[in-house]
Amino acid sequence: MRNNIRSTNLRFNLEKDLQRKAWEYLQTMEKQEFKSYSHVIALALVDYFDRYYRTQEDPYLETRELEEHFVNQIVEAVERSLEHALPLFLSGLTAGLTQRDPQNRASFPAPEESES
């Protein structure tokens with residue numbers, strides 16, 4: 001098992017904003033969710049480099065993700081509006097159909113009986 005473990009040292013210069021912010025995140029992280037510095041750093045590195053390599057292969061990835069998010073927001077807003085407005089619209093439409101004057105309905109001529 002010892003052969004599968006690699007060690008490294010990290011040094012944070014707290015005079016640099018980015019490194020100070022990283023150190024502060026490590027100090028305030030949720031210990032139940034992130035078990036160790038190794039765990040959270042591994043998660044962050046994998047997430048960062050996965051995204052980095054995907055954007056290298058697909059330069060429009062971020063733009064497409066933003067567009068998809070925006071479209072999803074529009075779809076959700078329309079769905080919520082329909083949930084509120086559609087029942088009222090359909091009930092009004094149904095009430096209008098039942099109250100319609102029978103004379104306004106198109107009448108079809110009765111079939112003629114042929115004399116044989």
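## Terms and source of the model

Helices (DSSP runs of H or I with at least four residues) and strands (DSSP runs of E with at least two) are numbered from the N terminus. The structure is a predicted model, in which local features need pLDDT of at least 70 and side-chain atom pairs count only at pLDDT 80 or more, while totals for chains, interfaces and linings use all residues. Residues are numbered from 1 along each chain as its sequence is written, and side-chain values use heavy atoms, with hydrogens and water left out.

## The chain and its confidence

The chain has three helices and zero strands, so that, read from the N terminus, its elements follow the order α-α-α. Its average pLDDT, the predictor's confidence in each residue on a scale from 0 to 100, is 84, and 84% of the residues score at least 70. Among the elements, helix 1 has the highest mean pLDDT, 95, whereas helix 3, residues 61-98, has the lowest, 86. Where pLDDT is low, the predicted coordinates should not be read in detail.

Of the 116 residues in the chain, 4% are buried, a word that here stands for under 20% relative accessible area, with exposed meaning over 50% and partly exposed in between (1.4 Å probe, protein chains only). Among contacts (heavy atoms within 4.5 Å) with a separation of 6 or more, 3% join residues 24 or more positions apart.

## The largest pocket

A pocket is an open set of points on a 1 Å grid over the protein atoms alone, with protein on both sides within 12 Å along at least five of seven lines, whereas a cavity is a set where a 1.4 Å probe fits but cannot get out; lining residues have an atom within 4 Å of a point. Grid points are joined across faces, edges and corners, and a volume is the space filled by probe spheres set on the points.

The largest pocket holds about 550 Å³ of space, and of the 15 residues that line it, Phe 12, Leu 18, Ala 22, Tyr 25 and Ala 44 lie nearest its centre. Two or more lining residues come from each of helix 1 (17-28) and helix 2 (37-57), with helix 1 giving the most, six residues.

## The second largest pocket

In the second largest pocket there is about 270 Å³ of space, and its lining includes Phe 12, Trp 23, Leu 26, Tyr 37 and Ile 41. Helix 1 and helix 2 each supply at least two of the lining residues, but the largest share, five residues, comes from helix 2.

Leaving aside neighbours within four places in sequence, Val 40 is in contact with Leu 26, Met 29 and Phe 34. The C-alpha atoms of Val 40 and Tyr 25, which are 15 residues apart along the chain, are separated by 9.9 Å.
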